Amino acid sequence: MESQDSLQELEQVREKRQLSNQTLRVTTILQSPFIMAKPSGGFEGFCIDLLQIFAEKLKLRYEIKLVKDGFYGRRLENGKWTGMLGELMAEEADVAIAPLTITMERERVFSFTRPFMSVGISILIRKDSNNQGASLFQFLSPFSANTWLSLLIAYILTCFCLYLAARLSPNEWREPEVENTHFSLFDSFWFGVGALTLQGVGPHPRALSTRIIGITWWLFGIVFLVAYITYFAASLNSETQGPLIKSFADLAEQNEIDYGTVYGGSTFSFFKLSKIPIYHKIQEKMNSKSDSVLVHTMEEGIQRVLNSNYALIGESSTIDLAVAEHCNLMRVSNFAAIRGYGIATRLGDPLRDYLTHTLLELEESGQLQQLQAKWWKSSCSVEHSAEWSPLKVNQIGGTFLFLAIGLSLALVVACIELAVKSRKKADQDKSCCRIFTEELSLRFKGRSEANKKTKA
């Protein structure tokens, strides 16, 4: 066993020496920010930085050349490959480094390293194209459904408490035997509506208890009106309000926006081979308009999104870069598939193992994440990415607590006012508690029943 391990180590040392003595021929394709041409000559980008790290760690030299036909690589009917993968197969290049998606079809013929980046298929669209527009009930959008329901319950409880306090308080209803209360249940609800809209409708409260309810409800209403105006203005200005397309299902069902992808790329192959009904429907629509919706490069697709009513389907890494550079673009959050970008070599080439081992080191040290952060910087301010959402109950819960305290205090004060009147009317024949009970009965049973009892 020891001799076998020694032989393996010697073989690895021999391969490394051979690797350091040769110049790797690297084929690539221009794709921002992975590989970009510098104005002064040469290349820069995420993959170039990655290649430089490989060269330093593995002690190798390399030369970069762009793929001749401008394609990533797909298999033709005769079994040959186009693009960078075709150059690998023809031994015109030793390694292909680019945002090259690892697929089952490709991995049967070529060796791929572990993914240096995980990506998903998503949708790039202009923000104003994906705006559903104001709905008929846009005025209800500032508050969530639970907030509106809580406001309705608070209104009903407040008006009912006002009705109770007006009946209990002798300062509000002085002589129940000979007069009707001017705060009926209907009047209480009418007062609640008027106070909520800051309109001084009658009848006006006279007793301390009913005035406490009125003041509490006014303050409660002011807070809600301010919140409503603020959130309504935010909802009108919000770019994320009511998107037309939220998923691939929405994209397939609508006919207002044309959509397509890069012809011959991995995304095109994914939809072509997919058996999922939604994805199959998208592929059929793209095929029916292939001359007008399919593009040759991602850059062409991005420009088309910017200049027309068009949605581009592509890999999230490229889409995220476009969103970072153009603040009027957005990525639909739904993903169709999660794949990885890898570095391709010829099948069985030992270079693949060295590159994979180096990628693992970069992942564990955090260098890979640093490279991604370097090349995917957003030029948009925070306000462009802020999302608006309706006001929820927990955000304004303190206002409801304040209202509950005010209503409870008002009912206690009303009872105290009635108790004070009962104490004043108490004499040797009737105790304070008996008079208090009779007052309650008189105020809630009605004047007609009270008169009958008096006559009896």
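**Backbone and helix packing**

Modeller: This is a predicted model. Glu91 is located in the loop that runs between helix 3 (83–89) and strand 5 (95–101).

Biologist: What is the phi of Glu91?

Modeller: Glu91 is not a glycine, yet its phi is positive, at about 60°. Its relative accessible area is 52%, and because exposed means over 50%, Glu91 is exposed.

Biologist: Which loop holds Lys59, and is Lys59 buried or exposed?

Modeller: Lys59 sits in the loop between helix 2 (46–58) and strand 4 (61–66). With 58% relative accessibility, Lys59 counts as exposed. Lys59 also has a positive phi, of about 55°, although it is not a glycine.

Biologist: Where is there a cis peptide bond?

Modeller: Ser32 and Pro33 are joined by a cis peptide bond, with omega about 0°. Pro33 belongs to the loop between strand 1 (23–28) and strand 2 (36–37).

Biologist: How are two packed helices described?

Modeller: The description uses the angle between their axes and the distance between the axes. Here, the axes of helix 2 and helix 14 (residues 351–365) come within 11 Å and cross at roughly 105°. An angle of 65 to 115 degrees counts as roughly perpendicular, and the two helices, helix 2 and helix 14, are therefore roughly perpendicular to each other.

Biologist: Which residues make the contact?

Modeller: Helix 2 contributes Leu50, Ile53, Phe54, Lys57 and Leu58, while helix 14 contributes Tyr354, Leu355, Thr358, Leu359, Glu361 and Leu362. Of the residues in this contact, 8 are nonpolar, 1 is polar and 2 are charged.

Technical notes. Residues are numbered from 1 along each chain as its sequence is written. This is a predicted model: local features need pLDDT of at least 70, side-chain atom pairs count only at pLDDT 80 or more; totals for chains, interfaces and linings use all residues. Side-chain values use heavy atoms; hydrogens and water are left out. Helices (H or I, at least four residues) and strands (E, at least two) are DSSP runs, numbered from the N terminus. Buried means under 20% relative accessible area, exposed over 50%, partly exposed in between (1.4 Å probe, protein chains only). Axes are lines fitted to C-alpha atoms, for helices over the stretch in contact, and angles run from 0 to 180 degrees between N-to-C directions. Angles under 35 degrees count as roughly parallel, over 145 as roughly antiparallel, 65 to 115 as roughly perpendicular and the rest as oblique. Contact means heavy atoms within 4.5 Å. Ala, Val, Leu, Ile, Met, Phe, Trp, Tyr, Cys and Pro count as nonpolar, Asp, Glu, Lys and Arg as charged, and the others, Gly among them, as polar.
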